[in-house]
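This briefing is meant to be read with the model open beside it. Please look at the structure first, and then follow the points below topic by topic.

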Amino acid sequence: MTTLTDLQARRERLVLDHFADETRQDFDAVLGTFPHPHYELIPSGEVHDGIADVRQYYIDTRRAFPDQRHEIIQLRHADDSVIVEFWLLGTHRGPLKGLPPTGNSFRCRMNAFFIFEGDRLVCERVYFDTLTMLRQLLAGVPAEMVGALVGGLLGQPAAASKSEVMEA
């Protein structure tokens, strides 16, 4: 077992507090873990930068998943970051980018890289498999609706039906 350096211990404490504050939905405390809040969601290409933008991201995701929470699997240290592997869980109770609530729960394994400059958190970069989450959220949705719902999530107009394409 290796001993954490003082810097690693400070970083780890900040990350653990950050996770706990997110679950409690104490967004002022979460935002306080950054000198300038910055989130990057790699699967969607979304970047949330600054207090107002990151706060809106929290509001939107908790409207969609009011019970959103984490279960940490493993925490690792790198030279400039703390890497956290975790389960993200929640129940789809509100709208999510055009996807109406399905009432379905999800459990998705994720990785978050908390990037530091010294002991200052400068970025949270999150990686996850969107298909894993969508498969759970869309379970039970009629097949003919899935295309339009996924298109809405991707910011694309609903695809034309086969008959509309044939007529064109």
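E5 and E6 form a hairpin with two residues between them, and Gly 118 in the turn has a positive phi of about 65°. Strands (E, at least two residues) and helices (H or I, at least four) are DSSP runs numbered from the N terminus. The model is a predicted one, in which local features need pLDDT of at least 70 and side-chain atom pairs count only at pLDDT 80 or more, while totals for chains, interfaces and linings use all residues. Residues are numbered from 1 along each chain as its sequence is written, and side-chain values use heavy atoms, with hydrogens and water left out.

**Overall make-up**

- The protein contains six helices and six strands, and along the sequence they follow the pattern α-α-β-β-α-β-β-β-β-α-α-α.
- Of the 168 residues in the protein, 36% are buried, where buried means under 20% relative accessible area, exposed means over 50%, and partly exposed lies in between (1.4 Å probe, protein chains only).
- Among contacts (heavy atoms within 4.5 Å) between residues at least 6 apart in sequence, 52% join residues at least 24 apart.

**Strand pairing**

- Strand E5 (residues 105–117) and E6 run antiparallel and are joined by eight bridges; two strands count as paired if DSSP finds at least two bridges between them.
- Within this pairing, Phe 113 stands opposite Arg 125 in E6.
- Strand E6 (residues 120–128) is also joined by three bridges to strand E1 (residues 38–41), and these two strands run parallel.
- Tyr 39 has Glu 124 in E6 as its bridge partner.

**Helix H1**

- Helix H1 (residues 6–24) has 19 residues and reaches 27 Å from its first C-alpha to its last, close to the expected 27 Å, a span found as 1.5 Å times one less than the number of residues.
- The buried residues of H1 are Arg 11, Val 15, His 18, Phe 19, Asp 21 and Glu 22.
- Seen down the axis of H1, these buried residues fall within an arc of 165°, so they line one face of the helix; the arc is that of the directions from the helix axis to the C-beta atoms.
- The face of H1 turned away from the buried side carries the exposed residues Asp 6 and Arg 24.
- After H1 comes Gln 25, whose phi is positive, near 60°.

**Salt bridges**

- The whole structure holds 13 salt bridges, each defined as a side-chain nitrogen of Lys or Arg within 4 Å of a carboxyl oxygen of Asp or Glu.
- Asp 17 and Arg 13 form a salt bridge at 3.4 Å, N to O, and both lie in helix H1, four residues apart, which is about one turn of the helix.
- In that pair, Asp 17 is partly exposed at 34% relative accessibility, and Arg 13 is partly exposed at 46%.
- Lys 97 forms a salt bridge with Glu 46, with the closest N and O atoms 2.3 Å apart.
- Lys 97 lies in the loop between strand E4 (81–91) and E5 and Glu 46 in strand E2 (residues 46–49), so the pair ties together parts that are 51 residues apart in sequence.
- Arg 69 and Asp 67 meet in a salt bridge at 3.5 Å, N to O, where Arg 69 is partly exposed at 33% and Asp 67 is partly exposed at 30%.
- A network of salt bridges links Asp 21, Arg 24 and Asp 26.
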